[in-house]
Amino acid sequence: MSERVRIRNEVIGAVKVEAEAAYPYECCGFLLGSDANPGADADDAASRTVEAILAVKNEREGDPARRRFSIGPQDYLAAERKAEETGLDLVGIYHSHPDHPAVPSETDLAQALPWYTYLIVSAERGAAGDVAAWRLAEDRSAFAPEEIKVVW
Amino acid sequence: MAKVILPTALRAFADGQKEVEAAGSTVGEVLEALAAAYPDLKRHLYDDAGKLRQYVNVFLGEDSIRDFGGLAAPTKEDSVVTLVPAIAGGREAS
């Protein structure tokens with residue numbers, strides 16, 4: 001079943017700005033928001049709302065940063081603290097795919113964490129394009145699309 | 001018992017808890033006890049070969065266990081073990 005994630009319009013805009021600014025390299029960061037259904041059984045389709053992003057430096061540099069991103073443990077811990085300070089939860093990760101569709105790659109799948117919303121934005125020739133949300137299947141076999149409901 | 005602090009992504013598999021207690025005299029034993037107590041969590045902590053997944057960084061107190069003997073690092077009753085996910089991915093294909 002396709003799940004649905006509510007994402008604030010300004011979050012979509014901010015992720016696109018990040019993707020364009022980072023081009024031809026990948027941008028990355030965290031999605032902060034709330035999830036009314038913190039259990040693993042996420043059958044309450046619209047329980048998650050993404051309220052804000054927290055941009056993080058891509059630890060990959062130079063040519064590898066055109067097709068890979070990584071976020072270090074200290075940046076992760078800082079992001080969780082920041083989320084708690086603002087009364088939000090860390091509910092996902094965003095990154096860009098320069099000159100590539102907004103579809104998870106094998107690399108994304110191999111490294112994926114459960115439960116998080118993975119928001120991917122395509123940046124074609126420097127212009128942000130499609131934005132798509134994905135969530136890892138329970139059995140880790142694949143990403144399933146999350147329908148995005150844009151909210152204001 | 002040692003306290004284990006879970007990242008948001010894994011709390012859903014431990015009844016939504018941020019902190020859980022688990023027994024063991026080493027970090028490895030503590031994590032095995034955690035996986036035994038929360039079977040849904042196990043597949044996200046360990047791969048099919050029974051090794052900790054690549055994205056699971058383990059801190060004992062403020063320090064990575066890599067500097068203290070890895071999973072064999074000894075724990076005490078008041079130890080705090082923090083699981084910190086390594087976040088990575090990307091379009092990959094050139």
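**Strand pairing in chain A**

I started at Tyr118(A), which stands opposite Trp134(A) in strand 7 of chain A. I kept in mind throughout that this is a predicted model. Looking at the pairing around that position, I noted that strand 6 of chain A (residues 117–124) and strand 7 of chain A (residues 127–136) run antiparallel and are joined by 6 bridges. The hairpin that these two strands form has 2 residues between the strands, and in it I found Arg125(A) with a positive phi near 50°.

I then followed strand 7 of chain A to its pairing with strand 8 of chain A (residues 143–151), where 4 bridges join the two in an antiparallel arrangement. As an example of this pairing I wrote down Ala133(A), whose bridge partner in strand 8 of chain A is Glu146(A). The hairpin of strands 7 and 8 of chain A has 6 residues between the strands, and Arg140(A) takes a positive phi near 65° there.

**Where chain A meets chain B**

Next I looked up the interface, in which 37 residues of chain A are in contact with 28 residues of chain B. For the area buried between chain A and chain B I recorded about 2,800 Å², with carbon and sulfur atoms giving 59% of it.

I turned to the polar side of the interface and found 15 residue pairs in polar contact between chain A and chain B, counting pairs with both residues at pLDDT 80 or more. The elements that give two or more residues to the side of chain A touching chain B are strand 4 (69–71), helix 2 (73–85), strand 5 (89–98) and helix 3 (106–111) of chain A. Helix 2 of chain A provides the largest share of that side, with 6 residues.

For salt bridges the rule finds 3 across the interface of chain A and chain B, and I looked up one formed by the side chains of Glu84(A) and Lys18(B), at 2.7 Å, N to O.

**Pairing across the chains**

Last, I checked strand pairing between the chains: strand 4 of chain A and strand 6 of chain B (residues 87–89) pair in the antiparallel sense over 3 bridges. Within this part I noted that Ser70(A) stands opposite Ala88(B) in strand 6 of chain B.

How values were computed:
Residues numbered from 1 in each chain as written. Chains lettered and ligands numbered in written order. Predicted model: local features only at pLDDT ≥ 70, side-chain atom pairs only at ≥ 80, totals over all residues. Heavy atoms only, no water. Contact = heavy atoms within 4.5 Å. Buried area = accessible area lost by both parts, 1.4 Å probe. Salt bridge = Lys/Arg side-chain N within 4 Å of Asp/Glu carboxyl O. Polar contact = N/O pair within 3.5 Å; in protein donor to acceptor, adjacent residues only side chain to side chain. Pairing = 2+ DSSP bridges.
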